[in-house]
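Here are my notes on the model you sent over. Have it open beside you while you read, and go through the points in order.

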Amino acid sequence: MEQVELVASTVTLIGLVAVALAGVGILGLVSFSVSQRLKEIAIRMALGATKVQVLAAVLRQFAWPVALGMAAGAGIAAAASGVLRIALYGVSNLDPASYAAAILVLMAIVGLAALLPARRALRMDLAKTLHYD
């Protein structure tokens with residue numbers, strides 16, 4: 001029984017590291033994407049767009065890829081869970097609560113990763129941003 005707990009703890013640790021690496025990667029990708037759109041964001045704000053509208057535009061850019069990734073990931077996980085059924089004790093391999101929890105955690109990571117660079121871009125100096133380039 002101790003061996004099963006050790007394997008479960010190891011797999012959990014590997015999963016947490018994978019989620020942390022995915023979060024850092026998403027944050028880097030979103031930061032790069034937002035930095036490429038700084039001039040567009042500055043123009044929108046100079047033309048009178050509110051911060052909420054600009055923030056919504058930035059977040060909307062990532063909505064479809066995230067939704068498609070979540071759907072594809074849930075489908076692949078459901079298909080692969082039959083193989084992992086051996087290691088699941090007392091839990092169905094298609095446990096909806098587990099899938100919902102995983103999707104919510106990943107959506108929170110993506111939302112936070114998109115929100116941080118977007119908020120940083122909203123605090124920029126419009127005159128300096130529009131002057132360069």
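1. Helix 1 has 35 residues, and from its first C-alpha to its last it reaches 51 Å. That is close to the 51 Å expected at 1.5 Å a residue. Keep in mind that this is a predicted model. The buried residues in helix 1 are Gly23, Val30, Ser33 and Val34. What covers them includes helix 2, helix 3 and helix 5.

2. Take a look at serine 33, which sits in helix 1. Is serine 33 buried or exposed? Its relative accessibility is 15%, so serine 33 counts as buried, the cut-off being under 20%. If you leave out residues up to four places away in sequence, serine 33 touches Gln61 and Phe62.

3. Setting aside neighbours within four places in sequence, valine 34 is in contact with Ile41, Val58, Pro117, Ala118 and Ala121. Leucine 116 is 82 residues from valine 34 in sequence, and the two are 10 Å apart in space, C-alpha to C-alpha. Leucine 116 lies in helix 5. At 39% relative accessibility, leucine 116 counts as partly exposed.

4. Valine 34 comes up again in the core. The largest nonpolar core has 13 residues, and Val34, Ile41 and Val58 are those with the most contacts inside it. Which elements give two or more residues to this core? They are helix 1, helix 2, helix 3 and helix 5. Helix 5 gives the most, with 4 residues. As background, nonpolar side chains in soluble globular proteins tend to be buried together.

5. On to the loop between helix 1 and helix 2, where you'll find arginine 37. With 16% relative accessibility, arginine 37 counts as buried. Its side chain is joined to the side chain of glutamine 61 by a polar contact of 2.4 Å. Not counting residues up to four places away in sequence, arginine 37 touches Arg44, Ala57, Val58 and Gln61. Gln61 is also one of the residues that serine 33 touches.

6. Next, methionine 45 in helix 2. Methionine 45 is buried, its relative accessible area being 16%. Once you leave aside neighbours within four places in sequence, methionine 45 is in contact with Lys51, Val54, Leu122 and Leu126.

7. How do helix 3 and helix 4 pack? Two packed helices are described by the angle between their axes and the distance between the axes. For helix 3 and helix 4, the angle is about 35 degrees and the axes are 4 Å apart. Leu59, Arg60 and Gln61 of helix 3 make the contact with Ala63, Trp64 and Pro65 of helix 4. Sorted by kind, the residues of this contact are 4 nonpolar, 1 polar and 1 charged.

8. Helix 5 covers residues 96–122, and you can check its length yourself. Its 27 residues should span 39 Å at 1.5 Å a residue, and its end C-alpha atoms are 38 Å apart, which agrees. The buried residues of helix 5 are Val110, Ala113, Ala114, Pro117, Ala118, Ala121 and Leu122. What covers them includes helix 1, helix 2, helix 3 and helix 4.

9. Valine 110 is worth a click while you're in helix 5. With a relative accessible area of 13%, valine 110 is buried. Not counting residues up to four places away in sequence, valine 110 touches Ile26 and Val66. Valine 17 is 93 residues from valine 110 in sequence, and the pair is 16 Å apart in space, C-alpha to C-alpha.

10. Last one: tyrosine 99, also found in helix 5. At 21% relative accessibility, tyrosine 99 counts as partly exposed. A polar atom of the tyrosine 99 side chain lies 3.3 Å from the backbone oxygen of alanine 77. The C-alpha atoms of tyrosine 99 and alanine 77 are separated by 8.8 Å, and the two residues are 22 apart along the chain.

Key. Residues are numbered from 1 along each chain as its sequence is written. This is a predicted model: local features need pLDDT of at least 70, side-chain atom pairs count only at pLDDT 80 or more; totals for chains, interfaces and linings use all residues. Side-chain values use heavy atoms; hydrogens and water are left out. The expected span of a helix is 1.5 Å times one less than its number of residues. Buried means under 20% relative accessible area, exposed over 50%, partly exposed in between (1.4 Å probe, protein chains only). Contact means heavy atoms within 4.5 Å. Axes are lines fitted to C-alpha atoms, for helices over the stretch in contact, and angles run from 0 to 180 degrees between N-to-C directions. Ala, Val, Leu, Ile, Met, Phe, Trp, Tyr, Cys and Pro count as nonpolar, Asp, Glu, Lys and Arg as charged, and the others, Gly among them, as polar. A nonpolar core is a set of buried Ala, Val, Leu, Ile, Met, Phe, Trp, Tyr and Cys residues joined through side-chain atoms within 4.5 Å. A polar contact is a pair of N or O atoms within 3.5 Å; within protein, one must be able to donate a hydrogen and the other to accept it, and residues adjacent in sequence count only if both atoms are side-chain atoms.
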